[in-house]
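Have the model open as you read.

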Amino acid sequence: MLLQAAISSPTYSLQRAGATAHPLLLSNNSATTGTTTANFLSSSSLSADSAGGRPTSVVLQTNRQKGGFRTFASDEKTSTLSLTGVVFQPFEEIKNDEFLVPLSPSVSLARQRFSHECEAAINEQINAEYCVSYAYHAMYAYFDRDNIALKGLAKFFKESSEEEREHAEKLMKYQNIRGGRVTLLPLKEPKSEFDHVEKGDALYAMEVALCLEKLINAKLLEVHSVADRNNDPQMQDFIESEFLGEQVEAIKKISDYITQLRMVGKGHGVWHFNQKLLHHEGEGDDGVF
């Protein structure tokens, strides 16, 4: 038969339809397994304890405190047991403040062992990714001008801008998963002109891009160290698996582009480099030439 829960604060009792009320009963198997198993039992199948021949009853209770509540089982026998961390006694262990369920609608239910320092570090990294995306977008606008007309470089920097924005959104998604609050910080105004008398605009812009990629990598490593300092292996794994490998690959690719642009100079070679970016970038090549 179906068991129906009849709630009477602060004690939950369980009642079977058409029968007398019975509390949640606990059958002890500690003699053989060292664990405790909860069972819903009817009056005809009550388990007796080994000492008194009577059923061992455990009542679900709720306690409200510190803006949250906890639900646990109380019993004279189990409540006096000391926890070793090896024996699994869930109804005893969830009495810890860590497992409080918040009552306030403004407090995250999912947040667990996610420090405020880690939360702040994620928000700062979101800002860094958006700032670099903003700078790449400025480079795209520069090379797309009619008097510059290097469409391959414009395409490269537009795609780079979109990639950094995706990184920011990925960090925002992670912040929400961990129960943090996304706080968008002000963006720095990027340069809008990239002409350089000695190097030319293509080489100068690519060198700026390399500096930005190294900056992002350094900031990601700092976020990783914040996670390590706060004993947050999940956040460390997220940074390692989603960002660090991709970042060093981007640094290597842009370094190759700088070397190639230094070899071709500021004249026709830049146009040829631009054409290669326009038609071959993103097709799996490690470099343009």
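Let's start with the packing. In this predicted model, H3 and helix H5 (residues 233-264) pack with their axes 12 Å apart, at an angle of about 170°. Anything over 145 degrees counts as roughly antiparallel, so that's how H3 and H5 run relative to each other.

Who's doing the touching? On the H3 side you'll find Phe-156, Glu-163, His-167, Lys-170, Leu-171 and Tyr-174, and they meet an H5 set that includes Met-235, Phe-238, Phe-243, Glu-246, Ile-254 and Tyr-257. By type, the residues of this H3 contact with H5 split into eight nonpolar, two polar and five charged.

Now zoom in on His-167, which sits in helix H3 (residues 151-177). Is His-167 buried or exposed? Its relative accessibility is 5%, and buried means under 20%, so His-167 counts as buried. Setting aside neighbours within four places in sequence, His-167 is in contact with Glu-129, Phe-243 and Glu-246. Phe-243 and Glu-246 are also among the H5 residues in the helix pairing.

Over in helix H5 there's Gln-260. Gln-260 is buried too, because its relative accessible area is 11%.

Each of these two residues has a partner further along the chain:

| Pair | Separation in sequence | C-alpha to C-alpha distance |
|---|---|---|
| His-167 and Phe-243 | 76 residues | 8.2 Å |
| Gln-260 and Phe-273 | 13 residues | 8.3 Å |

So for His-167, the picture ties together: a buried residue that belongs to the H3 side of the pairing with H5.

Notes:
Residues numbered from 1 in each chain as written. Predicted model: local features only at pLDDT ≥ 70, side-chain atom pairs only at ≥ 80, totals over all residues. Heavy atoms only, no water. Helix = DSSP H or I, 4+ residues; strand = E, 2+ residues; numbered from the N terminus. Buried < 20%, exposed > 50% of the residue type's maximum accessible area, 1.4 Å probe, protein only. Contact = heavy atoms within 4.5 Å. Axes fitted to C-alpha atoms, helices over the stretch in contact; angles between N-to-C directions. Parallel < 35°, antiparallel > 145°, perpendicular 65-115°, else oblique. Nonpolar A, V, L, I, M, F, W, Y, C, P; charged D, E, K, R; others polar.
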